[in-house]
Amino acid sequence: MQLNEKYRPKQFSEVIGQSKAIEMLESLQGLSGRGYWIAGKSGTGKTTLARIIADKVSNPMYTLEIAADDLTMDTIRQWNEDQYYVPMGGAGRCYIINEAHGLRKDTMRKLLTFLEDIREYTTVIFTTTIDGQADLFEGHYDASPLLSRCKLVPMAYQGIAKPFSVHLQRIASEYSGKEVTAAACLKLINTYKGNLRAAIGDIEAGLLN
C-alpha cells in the first residue's frame, strides 16, 4: 500500500485543513439523494472527501469511481435505470466522477436530466481542480446548470500549509523512524503549494530523511 493511501482519512473527523467542508457536510440532513461538486487544488483532499461520502451512503459493491472522459451516454442511461431499483440490503448507489472538467457536452446534458430526478438512495460526486473548473465553464454553456444541481463543497486552499505540515511531520517521523522537524515539513508542503499527496510522495521516496 502506498503511503498516501495508508494515511488517507477514512472519517470526516480525520480530514485535515477542510473544516468548512466538513462542517457543511455534517450539517446536512442525510448525505444521499443529491449531487456534490468538489473543486479544489490538487492534493488538498477532494478524492478523500468523495470516498468518505461514498462510504457513508453506499458500500464498495454499489460504488463506482470513473474519470469523466471515460463516461459514456450508455453508462448514464444504465445509472438512470438502476436507480429505480433499491440495491440489495438497502444500500445506496454512489457514483464518483473524477476530473469532471473532462465532461463532454453530450454526457453533461444527460447528467442534467439524471440529477434532476435523482432518487433518495442515489448519490453523484464530481471532483475537479480549480483550473479544470474554470476551463469547463469557459468551454461548455451547460456547466452552470450542472453545477446548480449539485451541493457545492467549500474546499480550502489558503491557510492549509500549517495543518498539513503537522500531519506530514507525524507521517515522516513514523515512516523514517526518526524525528523530522516541523520546519522541514512546512518547507516541503510550501514547495508543493499545498499538495499533500505530492509531499507524502517525497517522504515515501526518502527525500526528507
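1. Asn195 is in contact (heavy atoms within 4.5 Å) with Ser42, Gly43 and Ile189, leaving aside residues up to four places away in sequence. Asn195 sits in the loop between helix H9 (182-191) and helix H10 (196-204); helices are DSSP runs of H or I of at least four residues, strands are E runs of at least two, and both are numbered from the N terminus.

2. This is a predicted model, in which local features need pLDDT of at least 70, side-chain atom pairs count only at pLDDT 80 or more, and totals for chains, interfaces and linings use all residues. Residues are numbered from 1 along each chain as its sequence is written, and side-chain values use heavy atoms, with hydrogens and water left out.

3. Asn195 is buried at 12% relative accessible area (buried is under 20%, exposed over 50%, partly exposed in between; 1.4 Å probe, protein chains only). Its side chain reaches the backbone nitrogen of Arg197 at 3.2 Å.

4. The structure holds eight salt bridges (a side-chain nitrogen of Lys or Arg within 4 Å of a carboxyl oxygen of Asp or Glu). One of them pairs Arg51 with Glu65, closest N and O atoms 3.2 Å apart. This pair links distant parts of the chain, with Arg51 in helix H3 (residues 46-57) and Glu65 in strand E2 (residues 63-67), 14 residues apart. Arg51 is partly exposed at 29%, as is Glu65 at 35%.

5. Arg170 and Glu174 form a salt bridge at 3.5 Å, N to O. They are four residues apart in helix H8 (residues 161-176), so about one helical turn separates them.

Terms used: A polar contact is a pair of N or O atoms within 3.5 Å; within protein, one must be able to donate a hydrogen and the other to accept it, and residues adjacent in sequence count only if both atoms are side-chain atoms.
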